[in-house]
Amino acid sequence: MATAATGRVGRFYTAARRHPWVLGKVADWKIPLGPYTPAQIAVAVGGGFLLVKSIGWWSWMGPVPIVAWVLTVWAVRRPKIKGRAPLQAALGWVLLAWQPQGGRMGGRAARDRMSRPLLGGFTLEEAAPAVPAAPPRADQPALGRSAHRGPVARPSARHRPEPQAPHQTVGPVSGVQQLLALAQQAGGAR
């Protein structure tokens, strides 16, 4: 009973999770102070380029900018932006900006259809008078069975039949009324 109440836990151990993408590690050998992540390599290359191009501005500060550059390379070794690596986070933002405004459906941009007026009409007809059903005759089929009938003639909207005077009820209409009529003919209710 205790196992049914707790949720099931699934774990997977892929090679990508055990060995993250790093550069500078081959078998047991690794680069000094390495291996390096792609973010560290990007900061090292970009920062080194900026330091070389701007040496006239910071040369009076001594080794401070170089130490700051090395510390920055070390600081970005395992950065996370909401649990994601910086390159994957940046790629996610680019893909989000690239998406169509309405999203995608079936791989294509979802677009609203052009609006167009909805035209339609209707016809009001007078209600036909209620004609009660006559009691079933012996030569008619029973209620569960239907006899084959030909095509039913329906009055069209152009040719309306003249309204007829309401018919007088000849006999009981419903099954209960028919049973009551039979009971009265037999001498009353029993």
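User: What share of the contacts in the protein chain with a separation of 6 or more comes from residues 24 or more positions apart?

Analyst: A contact here means heavy atoms within 4.5 Å, and in this predicted model residues 24 or more positions apart account for 46% of the contacts with a separation of 6 or more. Residues are numbered from 1 along each chain as its sequence is written, and side-chain values use heavy atoms, with hydrogens and water left out. Because the model is predicted, local features need pLDDT of at least 70 and side-chain atom pairs count only at pLDDT 80 or more, while totals for chains, interfaces and linings use all residues.

User: Where is confidence lowest and where is it highest in the protein chain?

Analyst: The predictor's confidence in each residue is given as pLDDT, from 0 to 100, and where it is low, the predicted coordinates should not be read in detail. The protein chain averages 75, with 65% of the residues scoring at least 70; the lowest mean, 55, belongs to helix 2 (residues 15-18), and the highest, 90, to helix 3. Helices (H or I, at least four residues) and strands (E, at least two) are DSSP runs, numbered from the N terminus, and this chain has seven helices and four strands.

User: At what angle do helix 3 and helix 5 pack?

Analyst: Axes are lines fitted to C-alpha atoms, for helices over the stretch in contact, and angles run from 0 to 180 degrees between N-to-C directions. Helix 3 (residues 38-53) and helix 5 (residues 64-75) pack at about 165°, with their axes 8 Å apart, and are therefore roughly antiparallel, a term for angles over 145 degrees. Among the residues making the contact are Val43, Gly47 and Leu51 of helix 3, and Ile66 and Trp69 of helix 5.

User: Is Gly47 buried or exposed?

Analyst: Buried means under 20% relative accessible area, and exposed over 50% (1.4 Å probe, protein chains only); Gly47, at 17% relative accessibility, therefore counts as buried. Of the 190 residues in the protein chain, 8% count as buried.

How values were computed
Parallel < 35°, antiparallel > 145°, perpendicular 65-115°, else oblique.
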